[in-house]
Amino acid sequence: MEPVLSDIVRCEFLEPARLLFISGNVPPLVYYTHLPNIVFALFIAFLVLFKNKTALANRILFGTIMAFVFWVIFSLIFWATNRADLIMYGWLIDILVEPLVHIGVLYLLYVLITGHDLSFAKKLFFALLYLPVPLLLPTPFTLAAFDTASCLATEGPVALYYTYFVEITVTILLLVFLVRRFFATQDREKRTRIFYLGTGGILLLFAFSWGNIIGSFTENWELGQYGLLGMPIFISFLVYSIVRFNLFNIKLFATQALVVVSWCALFSLLFINEIEAFRFVVIANTVIFAILGYQVIRSVKREVEQRKHLEQLTKQLQNANKRLKVLDQLKSEFVSIASHQLRSPLTAIRGYASMILEGSYGKMPKKAKEAVERIAESSRFMALSVEDYLNVSRIQSGSMKYNLSEFDLREVAKTIADDMRAEGMKQGLLITFKSNVTSKCLTKADIGKTRQIIQNLVDNALKYTKKGSIEIRVHDKRKPKRIYVEVTDTGIGMSKETLANIFGKFERARNANEVNVIGTGLGLYVAKKMAEDMGGTVTATSEGEGKGSTFTVELPYIC
């Protein structure tokens, strides 16, 4: 190793005492501008990335900060080491990375503000704008000469002019984008977000470019290092935006950021041994802590106020919920009482209408008979409506009773088809019955409720079918043990939106009134609830409006 080390060209100043950056060659403030920036920037980058690795803005922020960190690390090595090769290569890497920081900031702010990615054309433009930097990096156009004694380079046109042209161009484009977006946006909250993000980004790019330009044209690289203070300023604006606008979905971010900044700032004091520099650092720390601390206090205060407001709203909601339960109970009781009160007169109306039609009170004129038939039919529909209201009231109050027994569902469905066939013929509809059941298994359910469910479905088909037929089909499955009753019609059919809501209370198809204005929208709700209470369900399918519907009752099967 000795022969190799002896061949290393060293500059005319002290080599690092520890690592690659602890050296007496480094001005005291360089540690303050470099070390806290590295730690704090890495903290931000990894915190945001680990929060969501797939989000575009998170990845852009990570890449931009990593480019900045690489620049700072090699800049620090540039100050500390006396090895000419490391200084020269570090100089080249900084030239390579520097424009990427500017492009990355523009890309990040564009995505955060617009919510979408840059177009391919814009990406191609920035790629072509940056391309000469890496292509001409190993040529004299970047570093024309390098003095191994002083370890200072003579920068070529790429380093001295083109990189700054790229940085100024990007900064101007970003400024134009921010101004146009700010005045084009009417939403106050969005304009505030554009202002804070844009101000932080522009200050970072201005400070970063200013520091490097000062170094390149005056060779006062120590003064140029103050440009790095643009990053904590940008991070401060970013932290505030994260807290206020919930960017990157990071909670408690301001508190975490303040702790890390405090640690970084205090740690950097260990490297400062000049009183003037120390005073500057204390002033800078005070300003940073004041800004971030104020934002944390505001954030905590806002959280406390929101929590108090939420507690008040919760109490109000609880009281309102109790009141609604009482009102719902009163409503259910009213519906139940009203329905019971309506049943008696309806029963009398139906009974006397039936007796008149049967001739119990003598022969009646044809016109009078037609009127009585209408009375009988209307009273039947009203009785069904009253029964639906009563069933809804029982279901909601939990007072619906089920007498479970074992019976042959196929026979029940066949009887209903036979009983309602005459009603279908009056409307010009053919009601048919089919069964594919081969086993002698039985259904265990409430036979009365099951009959009511199937009757509701057939009655629903009669209401909304103008012409064609209604088919009642029974089939079973051994695995799992289930039996099905399908009621298929050639009626008005249903759209996807209607199918999604058809079993809700008071829900009817959009085109239902075109065929039948009579209907409460409760029959299907009651049928489904009854079936579910007995271990089954009711479902509906349709190919669309005008293409008919199929309602299926599913119940458990016992063999």
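Which residues in helix 5 are buried? In this predicted model, local features need pLDDT of at least 70, side-chain atom pairs count only at pLDDT 80 or more, and totals for chains, interfaces and linings use all residues. Residues are numbered from 1 along each chain as its sequence is written, and side-chain values use heavy atoms, with hydrogens and water left out.

In helix 5, the buried residues are F126, L129 and Y130. Buried denotes under 20% relative accessible area, exposed over 50%, and partly exposed the range in between (1.4 Å probe, protein chains only). Helices (H or I, at least four residues) and strands (E, at least two) are DSSP runs, numbered from the N terminus. Seen down the axis of helix 5, the buried residues fall within an arc of 95 degrees, so they line one face of the helix. The arc is taken over the directions from the helix axis to the C-beta atoms. These buried residues pack against helix 4 (84-114), helix 6 (132-135) and helix 7 (157-184). Contact here requires heavy atoms within 4.5 Å. On the other side of helix 5, F120, A121 and L128 are exposed.

A nonpolar surface patch also involves this region. F120, L124, L128, L131, L135, L136 and F141 make up the patch, with an area of about 710 Å². Patches consist of residues with over 30% relative accessible area and no salt bridge; like charges are joined within 9 Å, and nonpolar side chains (Val, Leu, Ile, Met, Phe, Trp, Tyr) within 5 Å. Helix 5 (residues 120-130) supplies the largest share of the nonpolar patch, 3 residues. L124 lies in helix 5. L124 is partly exposed, at 40% relative accessible area.

The protein has 17 helices and 9 strands. Of its 559 residues, 44% are buried. The accessible surface comes to about 30,300 Å², and 61% of that belongs to carbon and sulfur atoms. Accessible areas come from the Shrake-Rupley method with a 1.4 Å probe; for residues, only the protein chains shown count as cover. Among contacts between residues at least 6 apart in sequence, 73% join residues at least 24 apart.

Helix 3 was examined for length and cover. At 1.5 Å a residue, the 25 residues of helix 3 (residues 56-80) should span 36 Å, and the end C-alpha atoms are 36 Å apart, which agrees. The expected span is 1.5 Å times one less than the number of residues. Helix 3 is mostly covered, with 19 of its 25 residues buried.

Salt bridges were counted next. The criterion is a side-chain nitrogen of Lys or Arg within 4 Å of a carboxyl oxygen of Asp or Glu. By this rule there are 12 salt bridges. One joins the side chains of D408 and R410 (3.6 Å, N to O). D408 is partly exposed at 25% relative accessible area, and R410 is partly exposed at 23%. Another joins K434 and E471 (3.4 Å, N to O). This pair links distant parts of the chain: K434 is in strand 4 (residues 429-435), E471 is in strand 6 (residues 468-477), and 37 residues separate them. K434 is partly exposed at 45% relative accessibility, as is E471 at 23%. E532 and K528 also meet in a salt bridge (3.5 Å, N to O). These two residues are 4 apart in helix 17 (residues 523-533), so about one helical turn separates them. E532 is partly exposed, with 35% relative accessibility. Salt bridges that share partners join K414, D418 and R421 into one network.
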